[in-house]
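Here is a short tour to read with the model open beside you.

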Amino acid sequence: ETRTDMMRTGGRRLAVQVWGANTDVGKTVVSGLLLHAAAPEASRLAYLKPVQTGSPAQHDARSLEGHLEARFRREKNLDVRFRTLVEYTAPLSPDLAAQLEGAEAPSDAHLAAALRREIHAVLFSGPGGGGGGLAAAKDQ
């Protein structure tokens, strides 16, 4: 699969990546709005965050899940996933947080492969076969 395969803007499958230059610039809010906007047309949705640092209580995927999951399931009958691939509790850059926690920071290649697997699982599998969906992958 290639990036072009995943980005079918004229079709039913779409992956979107939200970028921001700093913390607290609205990436999570924009991701939530994109999920909400895509919900009427989608059968599956996912929010994927490659790396999260800081307090688990403030993790973006958990926050969005708390705000949106029940509503999507109840009102729209959607299969929705909220996932963080790598988490560190120290509120530092991923490389420093990993070092502080005695772990190895994930390589770009590792994260790219994990994102491809997650996006593929959302866009091309699940209940009822290959329905549409939006995977909003966001990074800091």
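In α2, the buried residues are Lys27, Thr28, Ser31, Gly32, Leu35 and Ala38; buried means under 20% relative accessible area, exposed over 50%, and partly exposed in between, with a 1.4 Å probe and protein chains only. Looking down the axis of α2, you will find these buried residues within an arc of 135°, so they line one face of the helix. That arc is taken from the directions that run from the helix axis to the C-beta atoms. The face turned away from the buried side of α2 carries Val29, Leu33 and Ala37, which are exposed. An α-helix has 3.6 residues a turn, so residues three or four places apart point the same way.

The 12 residues of α2 reach 16 Å from first C-alpha to last, close to the 16 Å expected at 1.5 Å a residue. The expected span is 1.5 Å times one less than the number of residues in the helix.

## How the model is read

This is a predicted model, in which local features need pLDDT of at least 70 and side-chain atom pairs count only at pLDDT 80 or more, while totals for chains, interfaces and linings use all residues. Residues are numbered from 1 along each chain as its sequence is written, and side-chain values use heavy atoms, leaving out hydrogens and water.

## The chain as a whole

The protein chain has 5 helices and 4 strands, in the order α-β-α-β-α-β-α-α-β along the sequence. Helices (H or I, at least four residues) and strands (E, at least two) are DSSP runs numbered from the N terminus. Of its 140 residues, 39% count as buried.

Among contacts in the protein chain with a separation of 6 or more, 70% join residues 24 or more positions apart; a contact means heavy atoms within 4.5 Å. The chain exposes about 7900 Å², with carbon and sulfur atoms supplying 52% of it. Accessible areas come from the Shrake-Rupley method with a 1.4 Å probe, and for residues only the protein chains shown count as cover.

## Salt bridges

How many salt bridges does a search of the whole structure find? The search finds 4, a salt bridge being a side-chain nitrogen of Lys or Arg within 4 Å of a carboxyl oxygen of Asp or Glu. Aspartate 60 pairs with lysine 49, their closest N and O atoms 2.6 Å apart. Aspartate 60 sits in helix α3 (residues 60–76) and lysine 49 in strand β2 (residues 44–53), so this pair ties together parts 11 residues apart in sequence. Both partners are buried. Lys49 is also one of the contacts of threonine 84, along with Gln52 and Ala61, once neighbours within four places in sequence are left aside. Threonine 84 belongs to strand β3 (residues 79–88) and is buried at 13% relative accessible area.

Glutamate 118 forms a salt bridge with arginine 81, with closest N and O atoms 2.6 Å apart. That pair links distant parts of the chain, 37 residues apart: glutamate 118 in helix α5 (residues 108–124) and arginine 81 in strand β3. Glutamate 118 is buried at 13% relative accessible area, whereas arginine 81 is partly exposed at 31%. Arg81, Arg83 and Glu118 are linked in a salt-bridge network.

## An exposed loop residue

Aspartate 24 lies in the loop between β1 (13–18) and α2 (27–38), and its 82% relative accessibility makes it exposed. Its phi is near 60°, a positive value in a residue other than glycine. Most residues other than glycine have a negative phi.
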